[in-house]
Amino acid sequence: MNRSELPPAVQKLVDRQEILDCVTRYCSGVDRFDREMVLSVYHPDAIDDHGSFVGSAEQFVDWAFAYHSKYQHRHKHYILNHSCELNGETAHTETYWLFAGSNTMGPSTSIHGGRYLDRFECRQGKWAIAARKCIIEWGGALGDIEIPAEALAAYAATGVSSRDRNDPAYMRPLTVERANFVLPF
């Protein structure tokens, strides 16, 4: 079914969901150092402006992965409020984001917030970013807190995450072995 076969109201919902899925995929791709996934959210001629970096999507991926490799052991991008203004084959979005990083130097944990301002274009049936401006509005560090050994053991029992395709998120099909394992609290 092509885009013109859906009722306009339904097409608008489909478009909005595809755009939100794209923003979500961006976060997963950056956090897992999945180059292919991150590039899938941009059109090949897209420009990304992250303040200290402005360039093509290809250049952005190189810069972002190098930056996060140098400054964080682990990091996560979260998206929050999302608004989408559709106008035919173009959409302008504003997506609030939250970033948390386990740092290699300085404070052990940093947290930052801001917004992604994106111009999406639908080309050949695919919504992707044509232009992005990342606004960083605030940032700070969390003080170190003592985490009880029981909590650390519970964290470890959830599995091992990684910044590549070894991460459990890539497991297809996802399987869980039934085991009666409960940590006492």
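Arg132 lies over the face of Tyr26, 4.3 Å from the ring centre, and over the face of Tyr116, 3.9 Å from the ring centre. A charge sits over a ring if NZ of Lys or CZ of Arg is within 6 Å of the ring centre and within 35 degrees of the ring normal. The model is predicted: local features need pLDDT of at least 70, side-chain atom pairs count only at pLDDT 80 or more, and totals for chains, interfaces and linings use all residues. Residues are numbered from 1 along each chain as its sequence is written, and side-chain values use heavy atoms, with hydrogens and water left out.

The structure holds ten aromatic pairs. Rings of Phe, Tyr and Trp (its six-membered ring) pair if their centres lie within 6.5 Å; planes under 30 degrees apart count as stacked, over 60 as edge-to-face and the rest as tilted. Tyr26 and Tyr116 form an edge-to-face pair, with 5.4 Å from centre to centre and 80° between the planes. This pair links distant parts of the chain, since Tyr26 belongs to helix α1 and Tyr116 to strand β5, 90 residues apart. Helices (H or I, at least four residues) and strands (E, at least two) are DSSP runs, numbered from the N terminus. Both Tyr26 and Tyr116 are buried; buried means under 20% relative accessible area, exposed over 50%, and partly exposed in between (1.4 Å probe, protein chains only).

The rings of Phe60 and Trp63 have their centres 6.0 Å apart and their planes at 40°, so this pair is tilted. Both residues lie in helix α3, three residues apart, which is about one turn of the helix. Phe60 is buried, with a relative accessible area of 1%, whereas Trp63 counts as partly exposed at 27%. One aromatic cluster is formed by Tyr26, Tyr42, Phe53, Phe60, Trp63, Tyr67, Tyr71, Trp97 and Tyr116.

The sheet comes next. Six strands form an open sheet in the order β2-β1-β6-β5-β4-β3, with mixed pairing. β2 (54–56) and β3 (72–87) stand at the edges with a single partner strand each, so one side of each is left without a neighbour in the sheet. From one strand to the next, the twist averages 20°. Strands of a sheet pair through backbone hydrogen bonds, either parallel or antiparallel. Two strands are taken to pair if DSSP finds at least two bridges between them.

β3 pairs with strand β4 (residues 90–103) in the antiparallel sense over 13 bridges. Within β4, Thr93 is the bridge partner of Cys84, and Ala100 is the bridge partner of Lys76. The hairpin of β3 and β4 has two residues between the strands, and Gly88 takes a positive phi near 65° there.

Helices pack against this sheet. Helix α1 (residues 8–31) touches β1 (42–49), β3, β4, β5 (109–123) and β6 (126–142), and its direction makes about 165° with that of β3. Helix α3 (residues 57–71) lies across β1, β2, β3 and β4, running at about 145° to β3. Axes are lines fitted to C-alpha atoms, for helices over the stretch in contact, and angles run from 0 to 180 degrees between N-to-C directions. Contact means heavy atoms within 4.5 Å.

The largest nonpolar core has 27 residues, of which Tyr26, Val38, Tyr42 and Phe120 touch the most other members. A nonpolar core is a set of buried Ala, Val, Leu, Ile, Met, Phe, Trp, Tyr and Cys residues joined through side-chain atoms within 4.5 Å. The elements α1, β1, α3, β4, β5 and β6 each give two or more residues to this core, and α1 supplies the largest share, six residues. Not counting residues up to four places away in sequence, Val38 touches Tyr26, Gly29, Val30, Val61 and Phe65.

Two further residues complete the account. Gly140 is found in strand β6 and counts as partly exposed at 32% relative accessibility. Leaving aside neighbours within four places in sequence, Gly140 is in contact with Thr109, Ser110, Ile111 and His112. The C-alpha atoms of Gly140 and Val14, 126 residues apart along the chain, are separated by 37 Å. Ala149 has its place in helix α4 (residues 149–157) and is exposed, with a relative accessible area of 56%. Ala149 and Lys133 are 16 residues apart in sequence and 42 Å apart in space, C-alpha to C-alpha.
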